[in-house]
Every structure is written in C-alpha cells, then in structure tokens.
Amino acid sequence: MPRVIRTKEVPPKPQIPRDASGIPRRPGYDVVHDAWLEIVTPVFGGGAVSRVFDTDRLVNEKSIRGQLRFWWRLVVGVKEFGTSFEAMFRREEEIFGSAEFPSPTIVEVFQEPCAESGTLTATQNGIDRAGRSTLEWADSRYNFSRIDPQMYALFSAAQDSRPEKAAELYKAGHRFRLRIQAAQVSRLERMREIQNKGRGSHKLPPITDITGDITKALTAWVLLGGVGSRTRRGVGSLAPIGWTIDESELKSLFGVEVFVMSNPCRDAAQAWGEAVKVYQGYRQQRTGPRGRSLWPEPDSLRTVSGCTLPRHSTP
C-alpha cells in the first residue's frame with residue numbers, strides 16, 4: 001500500500017494595506033511625506049564607486065536617510081540641544097534609529113532606471129595657457145567649459161585634464177517619488193519598552209512624536225541639499241513638484257533669512273551658475289594676486305589645531 005504524505009495547508013499571506021497608487025502602507029505608521037521631486041542640476045557621483053552614479057538607482061534610500069540625519073542636526077539638533085551631545089544623540093536615535101534602537105522612520109524611493117541618453121561624458125574643449133586640455137560636459141541645456149562658474153562646482157569631477165579621466169554626469173530632469181513614513185506614538189512607546197528591558201535601571205523616557213522633526217529635516221534637505229556629490233556647490237539640486245514651502249516656515253526653520261531675491265533666472269541652470277559665481281567670488285578673495293584666501297575656514301582650523309605658521313598668526 002503506497003504511503004500517503006499529508007501536508008499542512010500553507011495559510012495565505014496577510015494582506016498589507018495599500019494606498020490608492022498600490023504602494024504598501026505599513027500598519028502603525030503615518031505617512032509624513034509623499035510627493036515627487038525633480039533633480040534640476042546635473043548629478044555627480046553618489047553610487048557605491050567613488051565619482052560614479054548608480055544607473056539602476058540614481059537616488060537611493062540610504063543616502064537620503066544620511067542627508068536627513070545631517071540636516072536634522074543642523075536645523076533641529078543644535079537649536080534645541082546646543083552642546084548637550086548625549087541628549088542630541090538620544091533624540092536622533094528616536095527619529096532615525098541606532099544599533100540599539102531600530103529606526104522608526106521608513107524612507108522609500110520609487111523611480112525609473114537612468115536612461116542612456118541622460119549620461120554626459122566630458123570632451124576636450126581646448127588648450128589652456130599651460131598646454132593642458134580643458135574639458136566640458138555639453139548637451140542641449142548645458143555647456144560647462146572652463147570659463148563657466150559651474151566648473152568651479154564640478155572641480156573634483158575633472159581631477160585630470162584628460163577627458164577619459166573625467167567623471168560622467170547625469171543630466172538634470174530625473175524625477176522620483178519620495179515617501180516617508182514614521183511610527184505612531186503608540187508604536188514608539190512599545191519600541192521604547194523593548195529597548196528599556198535590556199537597560200536595567202538606566203531606562204530612557206517615553207518618546208514624543210517625531211513627524212515634526214522629520215518634516216524640518218526634509219525641508220532643509222530639499223532646499224539646501226541634493227543628490228550625489230558636491231551638493232554644497234549646487235550639484236544634484238532638487239525642486240519639489242506639486243508642493244510649496246512657505247517663506248515664514250523658512251525663517252522659523254533657519255532663524256534668519258536664507259534666500260535673497262534678485263532678478264529671476266530663466267531656469268535652474270542659470271540660477272545655479274549665478275549662485276556659484278557669487279560663492280566662487282567670495283571663496284577666492286585674497287589678500288593679493290597670490291596671497292592667502294580671506295575664506296575664514298583655514299584660519300579657524302589653524303587656530304583650533306594650534307598649527308599656525310608664524311606668518312599666518314594674524315588671521
């Protein structure tokens with residue numbers, strides 16, 4: 001008589017709630033932000049390999065989480081905690097997680113892979129006075145040659161004057177959907193209870209709502225940060241699609257007026273060039289044709305480290 005092997009029926013997987021677009025919605029989490037963003041200046045680097053962007057995922061969740069942590073420290077952490085670094089760390093842990101505390105913030109990015117037509121490859125533009133090749137990344141919207149202010153921002157993309165040694169850029173226009181979810185207060189309380197079980201008598205206080213902190217960090221990142229490398233020079237800058245940020249919100253966030261209105265530019269490329277031109281002029285001010293830069297950062301480091309040369313003793 002043949003053996004009959006009885007198998008248990010596999011129960012159906014629980015249905016995960018989804019929003020109108022079909023994207024899963026996590027139980028116990030609130031959606032803090034769900035909107036589209038557009039990259040309005042070229043992207044340089046940002047992938048796993050230095051100076052190379054990721055063609056499959058130009059924008060990835062890990063880098064956004066790192067950016068949000070950075071901007072949270074600047075616009076929230078310093079303002080609320082000052083030099084109380086332990087308290088600042090604990091609050092950052094409550095928002096973004098740590099090795100001891102799982103992150104209650106979920107960052108998701110939805111996007112299409114990079115198109116081959118979006119890659120900008122450097123070409124030789126001419127010969128400078130030293131006999132070296134000069135480079136440019138050109139397409140119908142951009143033409144960054146050595147005389148343009150954008151080349152100051154893209155300096156490290158051209159570490160060598162030979163075109164084959166220069167990094168590729170990805171042209172502006174890439175769009176992606178960013179969705180951020182944060183754990184509800186009830187879930188945060190349960191997460192804290194689990195954390196405190198292993199802390200003995202050194203228990204931590206309850207966690208307050210984290211959505212406001214995330215929103216502030218997100219606003220700062222979208223306005224002043226970007227995607228990839230050299231974002232402090234305007235590379236990989238972002239523009240929100242379908243949502244606006246009120247001016248009063250900006251002043252409350254930064255404490256000062258951070259944007260100066262001038263003559264409107266025709267597009268983001270021109271605005272980027274004008275901003276970099278001002279920044280470059282400020283950074284490159286010197287005491288003489290080849291003297292010390294008036295940029296205060298070097299002297300600040302010399303003062304802190306005590307490594308100032310006698311001729312640099314006076315800032």
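Reader: Before we start, how do you know which features can be talked about at all?

Author: This is a predicted model, so local features need pLDDT of at least 70 and side-chain atom pairs count only at pLDDT 80 or more, while totals for chains, interfaces and linings use all residues. Residues are numbered from 1 along each chain as its sequence is written, and side-chain values use heavy atoms, with hydrogens and water left out.

Reader: OK, how many helices and strands are there in the protein, and what makes a stretch a helix or a strand?

Author: There are eight helices and ten strands. Both are DSSP runs numbered from the N terminus: a helix is H or I with at least four residues, and a strand is E with at least two.

Reader: Why is N196 called buried?

Author: Buried means under 20% relative accessible area, exposed means over 50%, and partly exposed is in between (1.4 Å probe, protein chains only). N196 has 9% relative accessibility, so N196 counts as buried. You'll find N196 in helix 4 (residues 185-197).

Reader: What does N196 touch?

Author: Contact means heavy atoms within 4.5 Å. Leaving out residues up to four places away in sequence, N196 touches K203 and L204.

Reader: And L253, why is that one called buried?

Author: Its relative accessibility is 6%, so L253 counts as buried too. L253 sits in helix 6 (residues 247-254). Not counting residues up to four places away in sequence, L253 touches V75, K79, K216, T219 and A220. Take K216: the C-alpha atoms of L253 and K216 are separated by 6.9 Å, though the two are 37 residues apart along the chain.

Reader: What makes E116 exposed?

Author: E116 comes out at 76% relative accessibility, so E116 counts as exposed. E116 belongs to the loop between strand 3 and strand 4.

Reader: Why are R51 and R230 called partly exposed?

Author: R51 has 21% relative accessibility, so R51 counts as partly exposed. R230 has 24%, so R230 counts as partly exposed as well. R51 is in the loop between strand 2 and helix 1, and R230 is in the loop between helix 5 and strand 10.

Reader: What is phi like in those two?

Author: Phi of R51 is near 70°, a positive value in a residue other than glycine. For R230, also a residue other than glycine, phi is positive and near 60°.

Reader: How do you know that strand 3 is largely enclosed by the rest of the structure?

Author: Six of the seven residues of strand 3 (residues 105-111) are buried, so that strand is largely enclosed.

Reader: What makes strand 3 and strand 9 a pair?

Author: Two strands pair if DSSP finds at least two bridges between them. Strand 3 and strand 9 (residues 175-183) are joined by seven bridges and run antiparallel. For instance, E108 stands opposite R179 in strand 9.

Reader: Why are strand 2 and strand 4 called edge strands?

Author: They belong to an open sheet of three strands with the order 2-8-4 and antiparallel pairing. Strand 2 (43-44) and strand 4 (119-120) each pair on one side only, and that makes them the edge strands. Two bridges join strand 2 to strand 8 (residues 169-170), and F44 has L169 in strand 8 as its bridge partner.

Reader: What makes something a pocket and not a cavity?

Author: On a 1 Å grid over the protein atoms alone, a cavity is a set of points where a 1.4 Å probe fits but cannot get out, whereas a pocket is an open set with protein on both sides within 12 Å along at least five of seven lines. Lining residues have an atom within 4 Å of a point. The largest pocket is lined by 36 residues, with L223, L224, F259, A271 and A275 nearest its centre. Helix 7 gives the most to that lining, with eight residues.

Reader: How much of the whole protein counts as buried?

Author: Of the 315 residues, 37% count as buried.
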